[in-house]
Amino acid sequence: MFAMGAAHAVNPDEVLDDPALERRARDISAELRCLVCQNQSIDDSDAELARDLRVIVRERLVEGDTDEEVMDFVVARYGEFVLLKPRLSARNMLLWGTPLIGLALGLTAIFFLFRMRRGAAPASGLTAEEQEKLSRIMSDTEDGSR
């Protein structure tokens, strides 16, 4: 039985000699988005830009950067969009929370609008003279129907 795993686009000339560094490079590459493919990691993409990013990751690791330093370098260069899993930050929380806040404000406004409409007495729009005339007509109609 064959195990189906993720297809990696890493070229043999990119692979580091140190297995520990290569494992770290693969772990980092799996968290970075291919900016061409957008729904693939750079580890899975055949795009030239993904290859360039894989090379950058490996170069930074060979230079002695920590995994976090490599990620920070790539994010500083390409923006937070390059991360497949966005970081939890106030900016991202505001971005994702704004629709919920808007929905809550809209529902609150609708609630108070209906509450105000239901509580307000309907305005007749008649003057006192017209109201008196209407009352006489209504009372005459009631007396005549009996």
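How far is the sulfur of C34 from the closest cysteine sulfur, and in which residue does that sulfur lie? The cysteine close-up below has the answer. This is a predicted model, in which local features need pLDDT of at least 70, side-chain atom pairs count only at pLDDT 80 or more, and totals for chains, interfaces and linings use all residues. Residues are numbered from 1 along each chain as its sequence is written, and side-chain values use heavy atoms, with hydrogens and water left out.

**View 1. The whole chain is built from five helices and zero strands.** Helices (H or I, at least four residues) and strands (E, at least two) are DSSP runs, numbered from the N terminus. Read from that end, the elements run α-α-α-α-α. Of the 146 residues, 23% count as buried; buried means under 20% relative accessible area, exposed over 50%, and partly exposed in between (1.4 Å probe, protein chains only). The accessible surface comes to about 11200 Å², with 60% of it belonging to carbon and sulfur atoms; these areas come from the Shrake-Rupley method with a 1.4 Å probe, and for residues only the protein chains shown count as cover. Among contacts (heavy atoms within 4.5 Å) between residues at least 6 apart in sequence, 52% join residues at least 24 apart.

View 2. A disulfide is a covalent bond between the sulfur atoms of two cysteines, and here the criterion is a pair of cysteine sulfur atoms within 2.5 Å. The structure as a whole holds zero disulfides.

**View 3. Helix 1 spans residues 19–29 and has a cap at its N-terminal end.** The capping residue is D18: one of its side-chain oxygens lies 3.0 Å from the backbone nitrogen of A20. Within helix 1, the buried residues are L21, E22, A25, R26, I28 and S29. They cover an arc of only 165° around the axis, so they are on the same side of helix 1; the arc is that of the directions from the helix axis to the C-beta atoms. Their cover includes helix 2 (48–62) and helix 3 (67–78).

**View 4. Helix 2 packs its buried residues against helix 1 and helix 3.** Those buried residues are A50, L53, R54, I56, V57, R58 and L61. With 15 residues, helix 2 reaches 21 Å from its first C-alpha to its last, close to the 21 Å expected at 1.5 Å a residue; the expected span is 1.5 Å times one less than the number of residues. After helix 2 comes G64, with a positive phi near 105°.

**View 5. Helix 3 has a buried face and, turned away from it, exposed residues.** V70, M71, V74 and V75 are buried. Seen down the axis, the buried residues of helix 3 fall within an arc of 130°, so they line one face of the helix. Look to the face turned away from that buried side for the exposed residues A76 and R77. Helix 1 and helix 2 are included in what covers the buried residues of helix 3. Helix 3 has twelve residues and reaches 17 Å from first C-alpha to last, close to the 16 Å expected. G79 follows helix 3, and its phi is positive, near 90°.

Conventions: Polar contact = N/O pair within 3.5 Å; in protein donor to acceptor, adjacent residues only side chain to side chain.
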